[in-house]
Amino acid sequence: MSFTKIDHYEKEYIDHHHDSALNVAEGVADQPIVNPYFQRRRKRTLSTDEYVEGILRGDITVLSQAITLVESSNPDHYAQAQEIIERCLPHSGKSVRIGITGVPGAGKSTFIEAIGNMVTSLRHKLAVLAIDPSSERSGGSILGDKTRMESISSNPSVFIRPSPSAGSLGGVARKTRETIVLCEAAGFDVVFIETVGVGQSETAVHSMVDLFMLLQISGAGDELQGIKRGIMEMADMMVITKADGENLHKAELARTQFQGALRLFPMPESEWRPKVYTCSAVTRTGLEEVWKGVEEFLDHTERNGYFRHNRNRQNKYWMYESINEALRNSFYRDPEVERRIADYEERVLDAKISSFIAAKELLDIYFKDKSENR
């Protein structure tokens with residue numbers, strides 16, 4: 001049935017025949033979509049002192065707000081975040097930082113949930129920092145790790161913070177490292193950094209952790225295909241997950257194969273020969289052995305001085321990384337560069353100038369602009 005507007009003659013007919021079945025009610029006027037009495041309340045902005053005091057007393061809400069400040073691209077937020085980090089720095093450095101990576105489907109989130117419950121049962125406070133990949137098309141991220149780690153997301157001794165990669169691994173890595181400082185100042189003595197998977201992000205995460213853990217699965221084809229020299233050389237320990245049921249025999253076989261492959265690599269600088277473990281997050285088997293392996297590695301590196309040496313080297317590395325990022329941001333925000341970079345880009349695309357010459361001339365413009373403004 002289609003509804004049409006009543007014309008003038010039909011309305012006259014209805015007016016003269018009140019008892020007709022064609023009587024039409026006036027109806028109700030359209031209601032406003034938004035409540036006219038609604039008033040948006042502006043969130044009160046915390047001062048730097050309030051941020052620092054809240055973090056040091058372990059206030060999770062203030063900690064989350066401070067991390068949001070760190071991740072913000074607003075220059076004002078950046079300045080305040082750096083001041084907060086500087087004041088929290090003396091209270092940091094007292095945690096164990098563990099990087100966790102693995103092939104997609106290795107069960108990283110499930111493993112973290114299972115071992116996280118065990119770690120907190122040992123009276124540790126755990127912070128889980130997860131780097132989520134951002135879409136190349138939309139730029140968005142799911143940030144669903146809290147949903148997947150249901151049993152520990154409500155644990156008062158656990159703090160879970162997913163962060164989008166936003167297409168910049170270097171930037172995210174720096175912000176993650178600053179987030180570690182804030183979490184340590186808030187009293188978390190174990191920090192897990194979960195990466196997006198086997199790829200470039202592992203190198204950045206390796207430069208900010210004390211122990212790098214690689215998760216693998218068995219029965220996914222030739223295990224030796226999973227041995228990639230770059231990622232394997234970074235691993236301090238390897239864990240074969242999903243070692244339960246019919247998969248138990250395959251997991252043990254994969255463990256033997258990986259352990260044999262690791263012996264082919266030269267002795268790491270830490271003088272610790274990486275070990276391979278098997279575990280099941282479902283049956284809760286092997287988790288205690290994995291954590292015991294973590295403690296053995298930390299004891300070994302503390303005794304031979306590698307732990308402190310590695311932390312110092314990482315601090316030096318991040319000093320230079322921070323300089324590089326600051327220079328990069330300064331270059332792209334320079335008014336003269338912003339004004340002329342599109343023209344250079346078009347000339348490069350039209351093959352009127354090489355990309356190397358274009359880069360050199362833009363850098364010359366930048367440095368000239370800086371020298372004139374001194």
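Guide: Before we start, a quick definition: buried means under 20% relative accessible area, and exposed means over 50%. Keep in mind that this is a predicted model.

Visitor: Take Phe-331 and Tyr-366: what kind of pair are they?

Guide: Their ring centres are 5.5 Å apart, and the planes meet at 65 degrees. Planes over 60 degrees apart count as edge-to-face. So the Phe-331 and Tyr-366 pair is edge-to-face.

Visitor: And how many residues apart are Phe-331 and Tyr-366?

Guide: Phe-331 belongs to helix α13 (residues 306-333), while Tyr-366 belongs to helix α15 (residues 355-372). The pair links distant parts of the chain, with a separation of 35 residues.

Visitor: Is Tyr-366 buried or exposed?

Guide: Its relative accessible area is 7%, and the cut-off for buried is under 20%. Phe-331 is buried too. So Tyr-366 counts as buried.

Visitor: What about Phe-367, buried or exposed?

Guide: Phe-367 forms an edge-to-face pair with Tyr-366, at 5.2 Å centre to centre and 65 degrees between the planes. Its relative accessibility is 52%, and the cut-off is over 50%, so Phe-367 is exposed.

Note on methods. Residues numbered from 1 in each chain as written. Predicted model: local features only at pLDDT ≥ 70, side-chain atom pairs only at ≥ 80, totals over all residues. Heavy atoms only, no water. Phe/Tyr/Trp six-rings, centres within 6.5 Å; stacked < 30°, edge-to-face > 60°. Helix = DSSP H or I, 4+ residues; strand = E, 2+ residues; numbered from the N terminus. Buried < 20%, exposed > 50% of the residue type's maximum accessible area, 1.4 Å probe, protein only.
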